[in-house]
Each structure stands twice: as C-alpha cells, then as structure tokens.
Amino acid sequence: MAVRLLRRNLVICMVALIMVLMVFQRRLHFAIIDFGYLIRPLWDKDISDFDTIIPHYYAEGMHMKERCEAHGWTFPTDPSRTMPKVYDALIFSVELDMLEIRMHELWDVVDHFIIMEAN
C-alpha cells in the first residue's frame, strides 16, 4: 500500500514537474525575445539628451552648394574629387505600384537601386 501511494505521488510530481517545465520553457522563449526591452534603459537615451539639432534647409531649385553653406558645410568644388554614390536598398514583394513611385521619385538622385525580393 505504501509503495502504491509513493508511486502515485511520484507520478503526480513528475506530471507537475513536466507541466512547470513546459510553462517555463514558453516563458523563457518570451523572456529571450523581450530581453532587449528589459535592458533598454541601459542603452536608450532620452530625446532631450541630444544637444545638436540639424535644421533642414530645402527649397525647390536650391543648389546643393547653397544647401551646404546653409548648414555651415563646405561643398567640394574640386572636379577631381568624386562625389559619394547614393544607394537605395529596398525589400520588394508584390507592391509594384509603390516600387514604380519610389523609383520615379528617386531616379534623379540615386545612383544605384538595390532591390531584394521577399517571399
């Protein structure tokens, strides 16, 4: 009788342990995913901590040299110095209309389009 009672208690404890482990595994999965949110106060800065705000100077027909001067930067005038290339990378799936609009709007300012296919 005592052996049967001990065996029954052992089975109940094993089932309870398995259930606890299953719940813990599920919670552990979410804890790993949310780890970035847990440590966010360590690496996140308040927006008021940023001390420099770069104003945006833009007007239709404004030359790039004038924009650079408005920011206090120098515009390279040496013809031997090459301008940096502008790449536009995007993930494309089925939004053909959006791709056409994007390419039409950025065609004059982008040197290379990089399109990655998504499924």
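How many nonpolar, polar and charged residues are in the lining of the largest pocket? Keep that one in mind while we look around.

**Before you click**

This is a predicted model, where local features need pLDDT of at least 70 and side-chain atom pairs count only at pLDDT 80 or more, while totals for chains, interfaces and linings use all residues. Residues are numbered from 1 along each chain as its sequence is written, and side-chain values use heavy atoms, with hydrogens and water left out.

**Stop 1: the whole chain**

Switch to cartoon view. Helices here are DSSP runs of H or I with at least four residues, strands are runs of E with at least two, and both are numbered from the N terminus. Of the 119 residues, 6% count as buried (buried means under 20% relative accessible area, with a 1.4 Å probe and protein chains only).

**Stop 2: the two strands**

Select residues 87–92, strand 1, and residues 112–117, strand 2: they pair in the parallel sense over six bridges. Two strands pair if DSSP finds at least two bridges between them.

**Stop 3**

Pick Asp 88, which sits in strand 1. Is Asp 88 buried or exposed? Its relative accessible area is 8%, so Asp 88 is buried. Leaving aside neighbours within four places in sequence, Asp 88 is in contact (heavy atoms within 4.5 Å) with residues including Arg 102, Leu 106 and Phe 113.

Next, select Leu 90, also placed in strand 1. Leu 90 counts as buried because its relative accessibility is 8%. With neighbours within four places set aside, its contacts include Leu 99, Ile 115 and Met 116.

**Stop 3: the pocket**

Select Met 64, Phe 75, Met 83, Val 109 and Asp 111, which are among the residues lining the largest pocket. A pocket is an open set of points on a 1 Å grid over the protein atoms alone, where a 1.4 Å probe fits, with protein on both sides within 12 Å along at least five of seven lines; lining residues have an atom within 4 Å of a point. And the opening question? The lining has nine nonpolar, one polar and two charged residues. Ala, Val, Leu, Ile, Met, Phe, Trp, Tyr, Cys and Pro count as nonpolar, Asp, Glu, Lys and Arg as charged, and the others, Gly among them, as polar.

Note on methods:
Buried < 20%, exposed > 50% of the residue type's maximum accessible area, 1.4 Å probe, protein only.
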